[in-house]
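Reader: I am new to this structure and would like to know where its labels come from. Could you take me through a few of them?

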Amino acid sequence: MRRAVVLGGSVAGLLAARVLSDHADEVIVLERDDIAPSGDFGGGQGPRPGVPQGTQMHALLDAGRRKIDHWLPGFATEIVADGAALADTGTDVHSYLEGRLKVLVGGVEMISATRPFLESHLRRRVLALGNLRLVTGRVRGLAFTGDRVSGVRYLGGQPADAGDMAGGVADEELLDADLVVDATGRASRIGAWLQEGGWPEPQTRRMHVDLGYATALFRRPEGSDGATLAQSLATLPDGRLRLGTLGRVEGDRWIALVAGYADDRPGRGMEEFLLRCKEDPAAPFRRLAEDGEPIGEPVAYRHPDNRRRDFHRLDRFPAGLLAIGDTLASFNPIYGQGMSSAAIHASCLAAHLESGRSPRDPAWSYFKQVRAVVDDAWQTSAVNDLKLPHVTGPRPRGFKVAARLSDLIVRASVTDPVIHRRFLDVAHMLSPVKTLMRPGTVLRAARAVRKQDTPAAGAPLDVTV
Ligand SMILES: Cc1cc2nc3c(=O)[nH]c(=O)nc-3n(C[C@H](O)[C@H](O)[C@H](O)COP(=O)(O)OP(=O)(O)OC[C@H]3O[C@@H](n4cnc5c(N)ncnc54)[C@H](O)[C@@H]3O)c2cc1C
């Protein structure tokens, strides 16, 4: 290819650009925020407007860590040397179910850092590639030639000066391309852009989960916790489900997240934040409320829905166009799958390009491959989200059985190291969900739950499957 253009310069866009740099003479990343090294957001490590979720807790799962290290060798070592934490599930990642610490099993590693820190490291590595160029501008639409996308229409400059002007519109510019990759995220306008060119738009499936997040930073005394990363899932006596994550990040700080659904969304104040930590039965959260010194106020964030765009169901699609990352699917963030999904999509992109298929044909093989990745992550998220009483569905066929099996595995993972390791492999996107449904795993989990002296939570589980 002569030129590939990536729309959006966040995690998915940067990883797509890295892959494309092996296949195109020139790769252009078109991003509306000024993320050039000398730009408003390029040098700094604070959140930026184009990635509002950047204020919230982000952890990189093992699949993402491995994939990013594959595409950018030494990435994990580099970011850890700069202050991020590398946490091994055998020692430093403590998971709690209803306040009970799960048995520790090693071999799965994750990275804990603030999201802007992680992204800035990725950006520095990718922008250093010789055949890559960054253009600051806002995408307005696609250009079509016959049956293919032949470029991108955009407004140069940052949103403040590139938006609609009083009484008129700033001049649109055109970038021609052999391949365009949409990485503009969950709010992508790709459907409208396709329609403008006379193409059908992909169906967008949404699941309203109404999740509320609040994230805050803390300083803590040396040695205040045995874990580098702690996760908690707990049900309050009145039935509300509470989720929390706590991790050491760069700058010797701790980042903490508290989350709840629907009317139980956390607010913005520190007092409420600390109260939620105290209410959590997992010890690290109560300790944080006692020994943590807050840095600033918590930042709240609302995630209304999970969504996925079903490109694979279209019967017509132009050549020269692909989508990656949250544009394809964005899930309940509590499972932390987004950046790892983007990294796996990037590998699917590489496989597609290496297969020798021409960018002048529609990328059906790519959409087929990423569908499997999306299906798996969607299933992990959907099976659990559909158990929530306020989530209306639709519940797919076989949901009840899947939900009971998933409860069984989660309960068993508290005490059984083999089940916990299999669970971690799926949670970290190293193995497909179906591995947890194998008869041997289910039987072992059922035995483990029976053996537990006291059930881990709520009423004893009926393990008859
Ligand atoms: C609250 C929350 C917590 C999360 N926690 C985790 C976690 O712990 N672990 C994890 O792996 N993932 C997590 N995620 C998911 C993660 O943030 C995303 O999956 C990840 O950023 C990949 O997204 P992306 O690059 O596809 O899109 P985004 O990160 O949304 O980036 C889209 C980019 O496109 C640009 N853009 C948009 N429109 C235009 C336009 N018209 N023109 C030019 N540029 C444009 C934006 O400025 C931005 O840079 C979380 C998400 C949320 C909401």
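Predicted model: local features only at pLDDT ≥ 70, side-chain atom pairs only at ≥ 80, totals over all residues.

Reader: What makes β16 and β17 a pair of strands?

Author: Strands pair if there are at least two bridges between them. β16 (residues 241-249) and β17 are joined in the antiparallel sense over 7 bridges, so by that cut-off they count as paired. They form a hairpin with 3 residues between them, and glycine 251 in the turn has a positive phi of about 80 degrees.

Reader: Which other strand pairs with β17?

Author: Strand β14 (residues 204-219) does, in the antiparallel sense over 8 bridges. Here alanine 214 is opposite valine 258 of β17.

Reader: Why is β17 called largely enclosed?

Author: Buried means under 20% relative accessible area. In β17 (residues 253-261), 9 of the 9 residues are buried, so the rest of the structure largely encloses the strand.

Reader: How do you know that the length of α4 agrees with what a helix should span?

Author: At 1.5 Å a residue, the 13 residues of α4 (residues 115-127) should span 18 Å, and the end C-alpha atoms are 18 Å apart, so the two agree.

Reader: What covers the buried residues of α4?

Author: The cover includes α1 (11-20), α2 (62-71) and β8 (132-145), among others. Because 10 of the 13 residues of α4 are buried, this helix too is largely enclosed.

Definitions and conventions: Residues numbered from 1 in each chain as written. Heavy atoms only, no water. Helix = DSSP H or I, 4+ residues; strand = E, 2+ residues; numbered from the N terminus. Expected span 1.5 Å × (residues − 1). Buried < 20%, exposed > 50% of the residue type's maximum accessible area, 1.4 Å probe, protein only. Contact = heavy atoms within 4.5 Å.
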